Amino acid sequence: MTYYLHTMIRVSDPDATIRFFELLGLKEVRRTESKAGRFTLIFLASEEDAKIGNRRAEVELTYNWPEEDGSAPEHYTGGRNFGHLAYRVDNIYDMCARLQDAGVTINRPPRDGNMAFVKTPDGISIELLQLGEPLAPAEPWASMPNTGTW
């Protein structure tokens, strides 16, 4: 038997990334720190996924600690060729408004009432998909242009 466990993304600012995913409705479900390996693993899941127990789908945030010698921490660009994470949402317009109100750029607005793209603080693309049928086109989303890449 095979089933999905998690997707790992590397992050440079765990707190900022957790705040971003909390806007999407995910919460921290567990955390592991390795002093010897100098990293922290933070697992996030939605409330619905958390109800499933040990078979829940999770996002694993991997934070590699800065070197002890004070050299600059790792910086990630382009998600190291990572594509995107996708989440189904109850109301795509409400979710995009919530994210935008928190300062998140809507890179590909939900002009079609069905799909939008945003990015995490480290540039990982997140696809948002409307639950069920697409919503009727509505402003400001219907006429909003794309911003940047996704």
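1. Let me start with one residue. Thr-17 belongs to helix H1; helices here are DSSP runs of H or I with at least four residues, strands are runs of E with at least two, and both are numbered from the N terminus. With a relative accessibility of 1%, Thr-17 counts as buried (buried is under 20% relative accessible area, exposed over 50%, partly exposed in between, with a 1.4 Å probe and protein chains only). Beyond its neighbours within four places in sequence, Thr-17 is in contact with Val-11, Leu-61, Pro-121 and Asp-122, where contact means heavy atoms within 4.5 Å.

2. A word on what we are looking at. This is a predicted model, in which local features need pLDDT of at least 70 and side-chain atom pairs count only at pLDDT 80 or more, while totals for chains, interfaces and linings use all residues. Residues are numbered from 1 along each chain as its sequence is written, and side-chain values use heavy atoms, with hydrogens and water left out.

3. On confidence: pLDDT is the predictor's confidence in each residue, on a scale from 0 to 100. The protein averages 88, and 93% of the residues score at least 70. Where pLDDT is low, the predicted coordinates should not be read in detail.

4. Back to H1, which is mostly covered, with seven of its 10 residues buried. These are Pro-14, Ala-16, Thr-17, Ile-18, Phe-20, Phe-21 and Leu-23. Just after the helix, Gly-25 takes a positive phi of about 100°.

5. Phe-20 and Phe-21, both buried, form an edge-to-face aromatic pair, with 5.4 Å from centre to centre and 85° between the planes. For reference, rings of Phe, Tyr and Trp (its six-membered ring) pair if their centres lie within 6.5 Å; planes under 30 degrees apart are stacked, over 60 edge-to-face, and the rest tilted. The structure holds two aromatic pairs.

6. Which residues does Phe-21 touch, leaving aside its neighbours within four places in sequence? They are Ile-9, Leu-26, Leu-44, Val-59, Leu-61, Leu-85, Tyr-87, Thr-120 and Ile-126.

7. The largest nonpolar core has 31 residues, and Phe-21, Leu-24, Leu-61, Tyr-87, Leu-99, Ile-126 and Leu-128 have the most contacts inside it. Such a core is a set of buried Ala, Val, Leu, Ile, Met, Phe, Trp, Tyr and Cys residues joined through side-chain atoms within 4.5 Å. At least two of its residues come from each of H1 (14-23), S3 (39-46), S4 (58-64), S5 (84-89), H3 (92-101), S6 (115-119) and S7 (125-130). H3 gives the largest share, five residues.

8. Next, strand S3. Seven of its eight residues are buried, so S3 is largely enclosed by the rest of the structure. Glu-28 stands opposite Leu-44 in S3, and Phe-43 stands opposite Glu-60 in S4. The charged end of Arg-30 sits over the ring of Phe-43, 3.8 Å from its centre (the criterion is NZ of Lys or CZ of Arg within 6 Å of the ring centre and within 35 degrees of the ring normal).

9. Please check the loop between S2 and S3, where Arg-38 is placed. Phi of Arg-38 is near 60°, a positive value in a residue other than glycine. Arg-38 is partly exposed, at 23% relative accessible area.

10. Strand S7 is covered on both faces: Ser-125, Glu-127 and Leu-129 on one side and Ile-126, Leu-128 and Gln-130 on the other are all buried. S7 pairs with S5 in the parallel sense over six bridges, Ile-126 being the partner of Leu-85. With S6 the pairing is antiparallel, over five bridges, and Met-115 is partnered by Leu-129. S6 and S7 form a hairpin with five residues between them, and Gly-123 in the turn has a positive phi of about 85°.

11. Finally, in the segment after S7 lies Pro-140. Glu-139 and Pro-140 are joined by a cis peptide bond, with omega about 10°. Most residues other than glycine have a negative phi, and most peptide bonds are trans.

Definitions and conventions. Pairing = 2+ DSSP bridges.
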